[in-house]
Every structure is written in C-alpha cells, then in structure tokens.
Amino acid sequence: MLDAARDGDRGALDNVLATLYQELHSMARRQLAGQYGQTLDATALVHEAYLKLIGRREARFDDRAHFFAYAASAMRSVVVDYARQRMAQKRGGDLHRVTDLPEDIEGGLRLDDDMLALDVALTRLAAVDQRLAHVVELRYFGGLSEIEIAELLQRSERSIRRDWQKARLYLLASLKAD
C-alpha cells in the first residue's frame, strides 16, 4: 500500500491511513492525556492531521518510518495551530514564556503559549540539525518511545537517546534565551 501511495495513488493513501488510524489515534490520545476541558480531543487531532496529510499532493511515504514522521509533523502543526488560536483568543499569545521540555512526556502536550514557544525553538533546531528535530517531533508530538523511534529510523536506541538529550538541551537553551 505504501508503494502505491508513494506513486500518488490517493486510494492507497486512504487505505494506509485507515490501516494506521488506530495507531495514530493512540498516539494522539497519549499526547492529549490530561488536557481536560479542551476542545481538541484525540479524534479531532487525528482528523485534522489526516486533512493535512491528504491535503498535500506531494505527500509520499518511502516506508512506515517516513509515514509516522509525516504524521507527527502534521500533529505538531495541528497542536501548534490550536494553541496559537487559543492564546490569541485568551490574551494575545505571548511567545516569550519559558517552558520545560520534560524527560517523560506521558502527561501529554500542554496546549498553551508554552507550546508556541516550543514550536519556534523546534523550528530553530531544525535549521541547525534536522535529525534532532525529527527525533523531537516523533517523541514529543508523535508520542513514540525511544525504542519505537529507533525501530522506525533503523538506528540504535542509544543513538536516539543521545539525540533526544542533545535536542532537549538545545531547546531548553533556546527557550531560556527568549
């Protein structure tokens, strides 16, 4: 199915998304855990990410890892857009607060102005080291463990752990500099 989707077959892409929907939904549910009273729930996040995935004609996936990287990026975009909209409605969206990028992200994403500051810092990190930014997207926005990321990227878990630690240090320094 991925080969057909890669060749531009929209039906195959729909089949890939349908097959992986439950996995995407689990990722979204993990990331939104603890966000009570929010209008963005796991189903809405997956659906919005799906619309971003199918809305891009150039969306082609080489393999499962590429698909999940793209899905994590789409989820990041949806969450950041949601946080940006929420902050604009609330008090203007102050981008200068400093946040902490936790080691353990089981508590879920915070949908606030800290998310916006993190997005800016992550964009800076991608300009410096795309690989580190990719690991952050998969871990923080995709909700994947270091083991899952290592498997997807066909790298060692130790290498992924080092990348995660380097990325966290860069992001924390970047956030404190703002």
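Which helix gives the most residues to the lining of the largest pocket? H2 does, with 4 residues. The legends below take this predicted model view by view; local features need pLDDT of at least 70, side-chain atom pairs count only at pLDDT 80 or more, and totals for chains, interfaces and linings use all residues. Residues are numbered from 1 along each chain as its sequence is written, and side-chain values use heavy atoms, with hydrogens and water left out.

**Figure 1. The protein chain is built of 8 helices and 0 strands.** From the N terminus on, its elements run α-α-α-α-α-α-α-α. Helices (H or I, at least four residues) and strands (E, at least two) are DSSP runs, numbered from the N terminus. Of the 178 residues, 46% are buried. Buried means under 20% relative accessible area, exposed over 50%, and partly exposed in between (1.4 Å probe, protein chains only).

**Figure 2. The largest pocket holds about 150 Å³ of space.** Its lining consists of Glu23, Ser26, Met27, Arg30, Arg64, Phe68, Leu144, Glu148, Glu151 and Leu152. Helix H2 (10-31), helix H4 (64-90) and helix H7 (146-153) each supply at least two of the lining residues. By class, the lining has 4 nonpolar, 1 polar and 5 charged residues. Ala, Val, Leu, Ile, Met, Phe, Trp, Tyr, Cys and Pro count as nonpolar, Asp, Glu, Lys and Arg as charged, and the others, Gly among them, as polar. A pocket is an open set of points on a 1 Å grid over the protein atoms alone, where a 1.4 Å probe fits, with protein on both sides within 12 Å along at least five of seven lines; lining residues have an atom within 4 Å of a point. Grid points are joined across faces, edges and corners, and the volume is the space filled by probe spheres set on them.

**Figure 3. Helix H6 (130-141) is mostly covered, with 9 of its 12 residues buried.** They are Leu132, Ala133, Val135, Val136, Glu137, Leu138, Arg139, Tyr140 and Phe141. From first C-alpha to last, H6 reaches 15 Å, close to the 16 Å expected at 1.5 Å a residue. The expected span is 1.5 Å times one less than the number of residues.

**Figure 4. The model has 1 aromatic pair.** Tyr140 and Phe141 form this edge-to-face pair, 5.3 Å centre to centre with 80° between the planes. Rings of Phe, Tyr and Trp (its six-membered ring) pair if their centres lie within 6.5 Å; planes under 30 degrees apart count as stacked, over 60 as edge-to-face and the rest as tilted. Tyr140 is buried at 4% relative accessible area, and Phe141 at 1%.

**Figure 5. Arg139 lies over the face of Trp164.** The distance to the ring centre is 4.9 Å. A charge sits over a ring if NZ of Lys or CZ of Arg is within 6 Å of the ring centre and within 35 degrees of the ring normal. Trp164 is one of the buried residues of H8. Others among them are Ile160, Asp163, Ala167 and Arg168. The end C-alpha atoms of H8 (residues 157-177) are 30 Å apart, in agreement with the span its 21 residues should have.

**Figure 6. Two loop residues, Gly142 and Gln154.** Gly142 is in the loop between H6 and H7. Gly142 is buried, with 0% relative accessible area. Its C-alpha lies 7.9 Å from that of Ala69, 73 residues apart in sequence. Gln154 lies in the loop between H7 and H8. Gln154 is exposed, at 74% relative accessibility. Its phi is near 55°, a positive value in a residue other than glycine. Most residues other than glycine have a negative phi.
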